[in-house]
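Q: I have a model open and want to learn how to read it. Can we go through it feature by feature?

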Amino acid sequence: MRSPKDFFAPLAVGAPQPPRQIPVRPSRMIHFFDPGNEKMAAKVPDLAKKTDVLLGNLEDAVRADRKEAARAGLVSIAKATDFGRTQLWTRVNSLDSPWVLDDLITLVTEIGDKLDVIMVPKVEGAQDIHYVDRLLAQLEARAGLTEPLLVHAILETASGVANVEEIAGASPRMQGISLGPADLAASRRMKTTRVGGGHPGYLVRTDPVGEDLTEGRSTYQQDLWHYTVARMVDACAMNGILPYYGPFGDIRDVVACEDQFRNAFLLGCVGAWSLHPVQIDIAKKVFSPSPADVAWARRVIAEMGDGTGAVMIDGKMQDDASVKQCRVVVELADELAATDPELAAAYDAATKEIQS
């Protein structure tokens, strides 16, 4: 076990100092693209204007015979594109694959100055993060990078869920964790073939009325991922990193996608993956506090004064805990408004309306 005093020491001679605090930047959607697909690559400059995070995917969605082309494509795209405020991430191949070492060596040494975060799939425990942590330090030193790359883990195995707390605290580089529902379902032997979302068979039923066990009994579909997301959120909050919902595979069902994203938002996630352009606006909408909620939160903070005691506002009791909740909403709104003039205007208009 490393001594706490050594936790923030570089893991290789000449590597940059590890981060002491994870930068909180808008990341409502992590939009995946295949850098080896020429049509997708051509859309990257336009997508960079619409998204918080663009992620060049090298893993599962890329066929084995196209791995090298995807890696080379990401290098070319990164060198040729001005991403502005948009972050550039990559998902490398899994640590048990024959491609991951070349992924890390190539990307860090050739475009390490353009990358913000490296997403690591199928993380089983802290040992996986320790391996990546040391290797990144060595490669950063070789490349002469002055800023450390951050690491994002995907929670998609039963072992990963069992070890999520130690994963979240395994390295100062840890930026966040995403739920990977499809691989996690397979790892757990869950009987669903869906990529995220609910399942009509996972339900509760109201009690029977009288002797008839079938008549008039309503059913309510439940969330397969509630436990895992909640545990992931707690692990991330405890370690000062960011939790994300992963993919929603049914591109056509924009209604259920929005519902699933909103559940994750309410539980504490800061964003979700978008697999198709139609999901970008859904994530932007859901993971931005509504103008009405922001206006109400600002009103509570204003009327609570120094934040102590309790007041009644429109028949609702507000106290110091209410102020803490409201600050979460307002701080997020301020962060998003700083880079989104349209959202900033909507927040200001709603605040003025509730004050009048």
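Q: Which side chain meets Arg173 in a salt bridge?

A: Side chains of opposite charge can pair when their charged atoms come close. The cut-off for a salt bridge is a side-chain nitrogen of Lys or Arg within 4 Å of a carboxyl oxygen of Asp or Glu. Here Arg173 meets Glu140, at 2.7 Å from N to O. The two lie 33 residues apart and link distant parts of the chain: Arg173 is in the loop between α6 (164–168) and β6 (174–179), and Glu140 is in helix α4 (residues 126–143). Helices (H or I, at least four residues) and strands (E, at least two) are DSSP runs, numbered from the N terminus.

Q: What should I know about the model and its numbering?

A: This is a predicted model, where local features need pLDDT of at least 70, side-chain atom pairs count only at pLDDT 80 or more, and totals for chains, interfaces and linings use all residues. Residues are numbered from 1 along each chain as its sequence is written, and side-chain values use heavy atoms, with hydrogens and water left out.

Q: Are Arg173 and Glu140 buried or exposed?

A: Buried means under 20% relative accessible area, exposed over 50%, and partly exposed in between (1.4 Å probe, protein chains only). Both Arg173 and Glu140 are buried.

Q: Which residue pairs with Arg231?

A: Glu165 does, in a salt bridge of 3.1 Å from N to O. This pair also links distant parts of the chain, with Arg231 in helix α8 (residues 226–239) and Glu165 in helix α6, 66 residues apart. Arg231 counts as partly exposed because its relative accessibility is 23%. Glu165 counts as partly exposed too, at 29%.

Q: How far apart are the closest N and O atoms of Asp250 and Arg252?

A: They are 3.7 Å apart, and the two residues form a salt bridge. Asp250 is partly exposed, with a relative accessible area of 32%. Arg252 is exposed, at 76%.

Q: How many salt bridges does the structure hold?

A: It holds 22. Some are joined up: Glu59, Asp60, Arg91, Lys122 and Asp183 are linked in a network of salt bridges.

Q: Where is Lys122 found, and what is its phi?

A: Lys122 is found in the loop between β4 (117–120) and α4. Its phi is near 50°, a positive value in a residue other than glycine. Lys122 counts as partly exposed because its relative accessibility is 22%. Asp314 also has a positive phi, of about 50°, although it is not a glycine. Asp314 is placed in the loop between β11 (310–313) and β12 (316–319). It is exposed, with a relative accessible area of 55%.

Q: How do I read the packing of α3 against α4?

A: Two packed helices are described by the angle between their axes and the distance between the axes. Axes are lines fitted to C-alpha atoms, for helices over the stretch in contact, and angles run from 0 to 180 degrees between N-to-C directions. The axes of helix α3 (residues 100–111) and α4 come within 9 Å and cross at roughly 35°. On the α3 side, the contact (heavy atoms within 4.5 Å) is made by Leu101, Leu104, Ile105, Val108 and Thr109. On the α4 side, the residues include Tyr131, Leu136 and Glu140.

Q: Is Leu136 buried or exposed, and what does it touch?

A: Leu136 is buried, with a relative accessible area of 0%. Leaving aside neighbours within four places in sequence, Leu136 is in contact with Leu104, Val108, Ile118, Leu149, Val151 and Arg173. Leu136 and Ala12 are 124 residues apart in sequence and 8.9 Å apart in space, C-alpha to C-alpha.

Q: Which residues touch the most other members of the largest nonpolar core?

A: A nonpolar core is a set of buried Ala, Val, Leu, Ile, Met, Phe, Trp, Tyr and Cys residues joined through side-chain atoms within 4.5 Å. The largest has 79 residues, and Ile30, Ile177 and Phe261 touch the most other members. Its largest share, six residues, comes from α4. Leaving aside neighbours within four places in sequence, the contacts of Ile177 include His152, Leu155, Met232 and Tyr244.

Q: Where does Glu353 lie?

A: Glu353 lies in helix α13 (residues 341–355). It counts as exposed because its relative accessibility is 61%.
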